[in-house]
Amino acid sequence: ALADFEMFLQLGDDPELLAGVEALTGQMSTGGGDFCFSGSTFANQAEAQAVVDNFNEATADADDYNERGLAHDCLGIADRAIRDFSKALDINKTNGDYYQNRGNVFIDLGQYTDAIRDYNSSLIYEPNNPVTYNNRGVAYGSNGQPAEALNDYNQALELDSEYAMAY
């Protein structure tokens, strides 16, 4: 598959190819919805709801807000997820995962410019994270920037040649 992708990259700025990348990325999603997505912290919505129900704001730290944000995302409550990720970032502005998690919600909402901004911030703190490059590629592609998307998918594969999502 890597050889196929390398051949794909050699086609360069072919408009037909870039349109295909744009169409593909427009069909992708990073998560949320009626179930907990693959790779989620939670196996199901009941686990996510338990995190929300047991949250204690008086003792919460940045990781607690991030965890509740993931739970809200799993439950499909995007505005609360964004608020929790933002609160986590208010407490700790140097955690790349918090930016990435909020960016993922922005993608689900179709707010691609906001997602790209958060992925850019995430990469400042975690510059070798193939997941962030892949997700930013999705945001770029969905935002009508297929060349940038292709560059990010390539970067994700350079960092981890086994990273299947970037194919």
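This is a predicted model: local features need pLDDT of at least 70, side-chain atom pairs count only at pLDDT 80 or more; totals for chains, interfaces and linings use all residues.
Let me start with a network. Arg102, Asp114, Arg117 and Asp118 are linked by salt bridges.

First, the overall picture. The protein chain has nine helices and zero strands. Read along the sequence, the pattern is α-α-α-α-α-α-α-α-α. There are 167 residues in the chain, and 44% of them are buried. The accessible surface is about 8600 Å². Carbon and sulfur atoms hold 47% of that surface.

Back to the salt bridges. How many does a search of the whole structure find? Five. I will take three of them.

Start with Arg102 and Asp118. Their side chains meet in a salt bridge, at 2.6 Å from N to O. This pair links distant parts of the chain. Arg102 sits in helix H6, Asp118 sits in helix H7, and they are 16 residues apart. Are these two buried or exposed? Arg102 is buried, with a relative accessible area of 12%. Asp118 is buried as well, at 0% relative accessibility. The cut-off for buried is under 20%.

Asp118 has another partner. The side chain of Arg117 meets that of Asp118 in a salt bridge, at 3.5 Å from N to O. Arg117 is partly exposed, with a relative accessible area of 39%.

Next, the aromatic rings. The structure holds one aromatic pair. Which residues form it? Tyr99 and Tyr125. Their ring centres are 6.1 Å apart and their planes lie at 10°, so the pair is stacked. The cut-off for stacked is planes under 30 degrees apart. Tyr99 is buried, with a relative accessible area of 11%. Tyr125 is partly exposed, at 36%.

Now to helix H9. H9 covers residues 146-159, which is 14 residues. From first C-alpha to last, H9 reaches 20 Å. That is close to the 20 Å expected at 1.5 Å a residue. Which residues of H9 are buried? Pro146, Ala149, Leu150, Asp152, Tyr153, Ala156 and Leu157. Seen down the axis of H9, these buried residues fall within an arc of 165°, so they line one face of the helix. There is a general reason to expect such spacing. An α-helix has 3.6 residues a turn, so residues three or four places apart point the same way. On the other side of H9, Asn151 and Glu158 are exposed.

Asp152 forms a salt bridge with Arg136, with the closest N and O atoms 2.5 Å apart. This pair also links distant parts of the chain. Asp152 is in H9, Arg136 is in helix H8, residues 130-142, and they are 16 residues apart. Both Asp152 and Arg136 are buried.

That is the tour.

Notes:
Residues are numbered from 1 along each chain as its sequence is written. Side-chain values use heavy atoms; hydrogens and water are left out. Helices (H or I, at least four residues) and strands (E, at least two) are DSSP runs, numbered from the N terminus. Buried means under 20% relative accessible area, exposed over 50%, partly exposed in between (1.4 Å probe, protein chains only). Accessible areas come from the Shrake-Rupley method with a 1.4 Å probe; for residues, only the protein chains shown count as cover. The expected span of a helix is 1.5 Å times one less than its number of residues. The arc is that of the directions from the helix axis to the C-beta atoms. Rings of Phe, Tyr and Trp (its six-membered ring) pair if their centres lie within 6.5 Å; planes under 30 degrees apart count as stacked, over 60 as edge-to-face and the rest as tilted. A salt bridge is a side-chain nitrogen of Lys or Arg within 4 Å of a carboxyl oxygen of Asp or Glu.
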